[in-house]
Amino acid sequence: MSTPTDKNLALELVRVTEAAALAASRWIGLGQKNDADGAAVEAMPDSVPAQVNLAGLLYGRGDPAGAAKVLAAAAEKHPDEATLQQQLAIAAYKAKDYDTAWKAVAAARRLNAALPQALLSDLQRDSGRTQ
């Protein structure tokens with residue numbers, strides 16, 4: 001049996017999905033996939049999963065700096081999201097933005113989030129610092 005909260009959540013999900021689809025539809029057929037992805041995510045700025053997914057797309061397309069930028073903006077709005085801090089640390093490291101990577105590492109640790117040991121070792125080596 002559904003509750004009023006379930007119905008509200010479902011309606012909100014529909015609203016956000018519709019806004020994202022409408023925003024991305026302007027780019028259909030123009031061959032500008034990044035712009036379509038960006039428009040969809042901008043239509044749902046408070047959706048952490050959407051921000052993480054966009055960052056993953058950017059990273060996969062060889063744009064770690066773009067991914068780090070998206071994740072950093074999301075982390076400002078949602079500083080207590082552990083997964084967001086983990087992903088920001090990785091993207092910032094890959095973008096060679098070591099200061100941002102270290103800040104994300106500190107935030108992830110504060111949230112008791114696990115970080116890959118290889119990331120920490122590589123970050124220490126490449127940035128020349130331990131924290």
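Q: Leaving aside neighbours within four places in sequence, which residues is glutamine 85 in contact with?
A: This is a predicted model, where local features need pLDDT of at least 70, side-chain atom pairs count only at pLDDT 80 or more, and totals for chains, interfaces and linings use all residues. Residues are numbered from 1 along each chain as its sequence is written, and side-chain values use heavy atoms, leaving out hydrogens and water. Taking contact as heavy atoms within 4.5 Å, glutamine 85 is in contact with Ala75, His78, Pro79, Ala104, Ala107, Ala108 and Leu111.

Q: Is glutamine 85 buried or exposed?
A: Buried means under 20% relative accessible area, exposed over 50%, and partly exposed in between (1.4 Å probe, protein chains only). Glutamine 85 has a relative accessible area of 5%, so it counts as buried.

Q: Which backbone oxygen does the side chain of glutamine 85 reach?
A: Glutamine 85 lies in helix α5, helices being DSSP runs (H or I, at least four residues) numbered from the N terminus. At 3.4 Å, its side chain reaches the backbone oxygen of proline 79.

Q: How far apart are the end C-alpha atoms of α5?
A: The expected span is 1.5 Å times one less than the number of residues. With 13 residues, α5 should span 18 Å, and the model agrees, its end C-alpha atoms being 19 Å apart.

Q: Which elements do the buried residues of α5 pack against?
A: The buried residues of α5 include Leu84, Leu88 and Tyr93. Leu88, for one, touches residues such as Ala68, Leu71 and Ala104. Together, the buried residues of α5 pack against α3, α4, α6 and α7.

Key: Helices (H or I, at least four residues) and strands (E, at least two) are DSSP runs, numbered from the N terminus. A polar contact is a pair of N or O atoms within 3.5 Å; within protein, one must be able to donate a hydrogen and the other to accept it, and residues adjacent in sequence count only if both atoms are side-chain atoms.
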